Amino acid sequence: MTRFFLLCKRQLLQPSFLLFCFLLPVISLIAAYLSQAPSPSLSIGLYKEKETGTALTSSDAALIDNIFSTLSKTNTNGSYTFQIYSDKNTMLNQVASNQIDCAYIFPSDLHAKLLKNNYKNCITCYRSPSTLMAELSRETIFAVLFYEIGNDIALDYMKEAGIFSSAQQKALQDFSVLYENYKTSNKVFSIDYQYLNTLSANSPTKTPPSTITMPVRGFIAILLFISGLSGGITSLSDKKNKLPVSNIATILIPLIFMALSSFLSLLLTGEIKNWGKELVILGIYGLLILLFIQFLLFFIKKPEILAASIPFFTFGSLIFCPILVNLSTAIPFFRIMEKFFIPYYYLVLCM
């Protein structure tokens, strides 16, 4: 027992190791705080041209009002929002100064132009030089535009094509009713998306989890692995210097201290739901690391070689394991490679 405490004291006298143990909870807490802060969204300007003396129908005014009303309430997950302007020059000046990302100007007779197939260049887009959202916002605008005018275009086409005879005019009214029903009931297109590895089968939800859930646990998995490897390096150095020290104790001591730091990090970020389960997961993962390093020590006898393997295991884990991004969903090769890196099994245990 005295020897174990002496080994613990030796481990704690290493400044770099202590720095990692203290920085992990602090950085995790800062990341948790930043992830909860609302991210600024880009603004998209909307403006309706003034009337030019052309007689406008009620449909012209209603169409643009409906489009603007829908766009101003559109949820784009914080990426961009739509802002209605009453002054054209103010909007264009803000585009030029990058205060808003881009802007759209709608003609006052938009409804009439679309029904007459005079739709080419009828909506003007002004974009700032550094814009990234023009294409995405355009898709949103066109989707809302079609949503609002699709029924009128279809009815106008059927009237001109003579699809229904005079005795079947009631079918046109029935079409409008059916169009509205299908438009608002998700029967035409309905997309149900879920976040990978975050939804329970018994209690599905569409609320996205904390954006730092997997990165924090992923970094913990890597740091624990590196701690175990550093213990293996110390063990080989002790053996080289012919010190009577147990391999298992030398590997376990840095793992224990880093596991305590990891547990504190998870506690500060609110990731721990069950203390007992979390401790069991950390214990199982520590045992896997111990067994893996003991396996490596059968083949590696020099501490320099084991130290040189740390960058390989670290970058391999970051690339192949689902820590920052899960590429295995798109690249089948990654599904095989991720299983050769120990951090993958910690993430599996945490699911």
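This is a predicted model: local features need pLDDT of at least 70, side-chain atom pairs count only at pLDDT 80 or more; totals for chains, interfaces and linings use all residues.
**Rings, a sheet and an aspartate**

Q: Got it. And what about Phe312, buried or exposed?
A: Phe312 is exposed, with a relative accessible area of 53%.

Q: How many aromatic pairs does the structure hold?
A: There are 15 aromatic pairs in the structure. One of them joins Phe312 and Phe313: the ring centres are 5.3 Å apart and the planes make 65°, so this pair is edge-to-face.

Q: Why is the pair Tyr344 and Tyr345 edge-to-face?
A: Their planes stand at 80° to each other, with the centres 5.2 Å apart, and planes over 60 degrees apart count as edge-to-face, so the pair gets that label.

Q: How accessible are those two, Tyr344 and Tyr345?
A: Tyr344 counts as buried at 14% relative accessibility, while Tyr345 is partly exposed, with a relative accessible area of 32%.

Q: Back to the phenylalanines. Which residues do ring pairs link into a cluster?
A: The cluster consists of Phe225, Phe292, Phe312, Phe313, Phe320, Phe333, Phe334 and Phe341, linked by ring pairs.

Q: Nice. Changing topic: what order do the four strands of the open sheet take?
A: The order is E2-E1-E3-E4, and the pairing is mixed. At the edges sit strand E2 (80–84) and strand E4 (124–127), each pairing on one side only. On average, neighbouring strands of this sheet are turned by 20° against each other, direction ignored.

Q: In what sense do E1 and E3 pair?
A: Strand E1 (residues 42–48) and strand E3 (residues 102–106) run parallel, paired over five bridges. As for individual positions, Lys48 stands opposite Phe106 in E3.

Q: Which strands does helix H4 touch?
A: Helix H4 (residues 88–96) packs on the sheet and touches E1, E3 and E4. The direction of H4 makes about 155° with that of E3.

Q: One more thing. Where does Asp238 lie?
A: Asp238 is in helix H8, which spans residues 213–240.

Q: And is Asp238 buried or exposed?
A: Asp238 counts as buried, at 5% relative accessibility.

Q: So what does Asp238 touch?
A: Leaving aside residues up to four places away in sequence, Asp238 touches Arg10, Leu243, Val245 and Thr250.

Terms used:
Residues are numbered from 1 along each chain as its sequence is written. Side-chain values use heavy atoms; hydrogens and water are left out. Rings of Phe, Tyr and Trp (its six-membered ring) pair if their centres lie within 6.5 Å; planes under 30 degrees apart count as stacked, over 60 as edge-to-face and the rest as tilted. Buried means under 20% relative accessible area, exposed over 50%, partly exposed in between (1.4 Å probe, protein chains only). Helices (H or I, at least four residues) and strands (E, at least two) are DSSP runs, numbered from the N terminus. Contact means heavy atoms within 4.5 Å. Two strands pair if DSSP finds at least two bridges between them. Axes are lines fitted to C-alpha atoms, for helices over the stretch in contact, and angles run from 0 to 180 degrees between N-to-C directions.
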